[in-house]
Amino acid sequence: MNKHLEILAKSESNGSTSLYQHLKDVADIAVVIARNEGMDARTAMLGAMLHDIGKASSVFQKTLSPSFHPAPHFVFRHEIASLLFLSIIEEERRDQVIEMVAAHHKSVYKDVRALGLLDLDESTDAFDQHAKNFDKWSPVALEILDSLGMTVHPVSIDEARFSYDYAIKYCVSQPLGCSMWKGLLMAADHMASGMAWRKVMPINKIFIKPDLSFYNRKNELFPLSLLNAGDPREHTIVCAPTGAGKTDFLLRRCRGRVFYTLPFQASINAMYDRIKADLSPTAAQVCLLHAASSLKMKNGTVEERIMQKMAGASVKVMTPHQMASIVYGIKGFEAMALDLKGCDVILDEIHTYSDTIQAIVLRIVDILVSLGCHIHVGTATMPSVLYDEILRRLGGSRNVYQVRLDASTLNTFTRHRVFKLHNSHDVFQTLDHLVKKNQKVLLVCNRINRAQDAFKHVIKLYPHIPALLIHSRYKRADRAKLETQLTSHFNSMKDACIVVSTQVVEVSLDISFDAMITECAPIDALIQRFGRVNRKRTPATIGHYKPVYVIDPPADKTDAAPYSIDVLKRTFSVLPSKGELLDENRLQAMIDSVYSSLEVENIDFTGAIFNNGQWMLKKLWHRAKSALLEALDINSAVCITQSDKDSYPDADSLTRQLMEIPASFHLIAHRNLDQLDTGSRPFVIPDKAYDDTLGLLPDEAVPSNYKLFEFI
């Protein structure tokens, strides 16, 4: 056996991939990406072959042993060791190869742990550390590169030093910008690592333009299906109610690869399933992107591994938070920018109840325009001030195809009667009335703890009525089971049932209930929620109305969180009451009454890296986390239970994800809990702080609840 086949890229616990195979996989993918992005294929191949060759170092290989215990302050960055072989690359390609290699894991400067190339060069004798035993292991590295087809020659220690110094000077001299070469390597590397379990990389399935002709179907019940989608203008804004056929129309507007964004995990799961089923007879590769998207559950078992890291997917379904990486320079933003370049991007149901979210969306629009994307916005609930601002940034009417339904058509989408409730007595009296009428009821709360409390009351009051609780803070395996139960079992029930949820049901879930009781939310969020009641549009349902009950906003701004109490009060005041119809023709005026101005100028954008058409971060730099994204209180941390603590470190990535519980960083990070330094670096919560039915119980997530002794 050749010596180079024994050199590993990953430890046994991570798959024991040989370095040769990993470099070959990355190079094969990088060449395909380069050809499709109009970049030099040979440069892509050489940079990909070189990017991890530093792993051949005897120092690195020792770190892969289960018995390895690093000495204090031990540092070895394999990408720095890889740069020592820069001299075997043709001179005219070296700069691009540096961009591919130097920062594919760490920002070259101001890395969060000060492990970037320039950080280490300033603080340590980085060259000597990474060239240790170079004369012994460099021949093995060169043998691997030679076997991959590169032209090599023996590299002396002086030549390695020259390459290192050249790379340092190049990185120091970089201007502001976004390195597409770094993005190319990261995209190829992530895809190869994410699919190492496959025997053959699916490079023949990427950069396939999807055949979207399926969506040319016409149906008089869906008026947008009857409209021409062939307008030559570059961008689109469609304003229409739920059930008008927006999804089909937006997809009909697309000309190339598609990125489809929706606000919530549940909604993108549903959209992924829908598009994948629609396009299944074609060669299109449909992918899903969110924290849990590499697993898909069916009947409680893993159904498939979804290729979330696949660059060049025909259709990629995601949330705006993933796309926000390009706004704040989060690690991997260059790969995201490269993948987005020139594609069709659908922004479906943009949420507007937060000034911060509005500002993020506008920055995303600016960057997408700079990347030559075709942007298609679909909404039922956009304030006119935001609509006008997006229209302006897209170039106005000459660049944007604007579509609205006429008043008579809108009338046929009026489907709800609104009632107002003022206290918990009203709520449970109403719920009791609906259950006795054998109704399927959706009870929606704005906060998880209130949803958990409401669910406890429900199962106590109605022990024989089927009930379900769903929100965002479950183990990912449990969350997937709950989504399946909601969209199949509960959705198809004919008799009374009660589903208690949070905002996770607002957008694109194909469920239809008989009635809703909901806490007051901003007008746009409420309209989305109402879309889960009387959703099915048939000749028999047009002109028939179902009840939605809205609870009076709280008096205290803390209780109103995560929303502005002023927005909630304005929303409640504009809603009809006493069973009056929610007239579709009045919705825009109601929305504009709640949102009369755009406050984006008040947002602190010091964290953003794109402004006035320019990148504001040096090339090869990136940020590990964004303070502004943390401020959004999204699920930016993960937890595992104490029972999973021992098995998590040795588990593969898929099994780890099944164990993880998404949570807000601010909710969990300051409780003095244990935290593992592996995988997603999860916080360890006591078993008492998690329940399969209720989900995460933060009040129980305190160190005093840890089990100190366990007896068998």
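Colleague: How much of the chain counts as buried?

Modeller: Of its 712 residues, 59% count as buried. Buried means a relative accessible area under 20%, exposed means over 50%, and partly exposed is in between, using a 1.4 Å probe and protein chains only. Keep in mind that this is a predicted model, where local features need pLDDT of at least 70, side-chain atom pairs count only at pLDDT 80 or more, and totals for chains, interfaces and linings use all residues. Residues are numbered from 1 along each chain as its sequence is written, and side-chain values use heavy atoms, with hydrogens and water left out.

Colleague: Thanks! How many helices and strands are there in the chain?

Modeller: There are 28 helices and 24 strands. Both are DSSP runs numbered from the N terminus: helices are H or I with at least four residues, strands are E with at least two.

Colleague: And what is the radius of gyration of the chain?

Modeller: It is 27 Å, close to the 27 Å from the globule rule for 712 residues, so the chain is as compact as a globular protein of that length. The radius is taken over C-alpha atoms, and the rule is 2.2 Å times the number of residues to the power 0.38. The C-alpha trace spans about 85 × 70 × 50 Å along its principal axes.

Colleague: What share of the contacts comes from residues 24 or more positions apart?

Modeller: They account for 75% of the contacts with a separation of 6 or more. A contact means heavy atoms within 4.5 Å.

Colleague: New topic: charges. How many positive and negative side chains are there?

Modeller: The chain has 81 positive and 82 negative ones, and the centres of the two sets lie 4 Å apart. Lys and Arg count as positive, Asp and Glu as negative, while His and the chain ends are not counted. Each charge is placed at NZ of Lys, CZ of Arg, CG of Asp or CD of Glu.

Colleague: How many salt bridges does the count come to?

Modeller: The count is 29. A salt bridge is a side-chain nitrogen of Lys or Arg within 4 Å of a carboxyl oxygen of Asp or Glu.

Colleague: Which parts of the chain do D514 and K546 link?

Modeller: First, D514 forms a salt bridge with K546, the closest N and O atoms being 3.5 Å apart. This pair links distant parts of the chain, 32 residues apart: D514 is in the loop between strand 13 (497-501) and strand 14 (515-519), and K546 is in strand 15 (residues 546-551). D514 is buried at 17%, whereas K546 is partly exposed at 27%.

Colleague: Which residues are linked in a network of salt bridges?

Modeller: D40, R42, E90, E92 and R93 are. Within it, R93 and E92 have closest N and O atoms 3.7 Å apart. R93 is buried at 16%, but E92 is exposed at 59%.

Colleague: Last one: which residues does a cis peptide bond join?

Modeller: A561 and P562, with omega about 15°. P562 is in the loop between helix 23 (557-560) and helix 24 (565-574).
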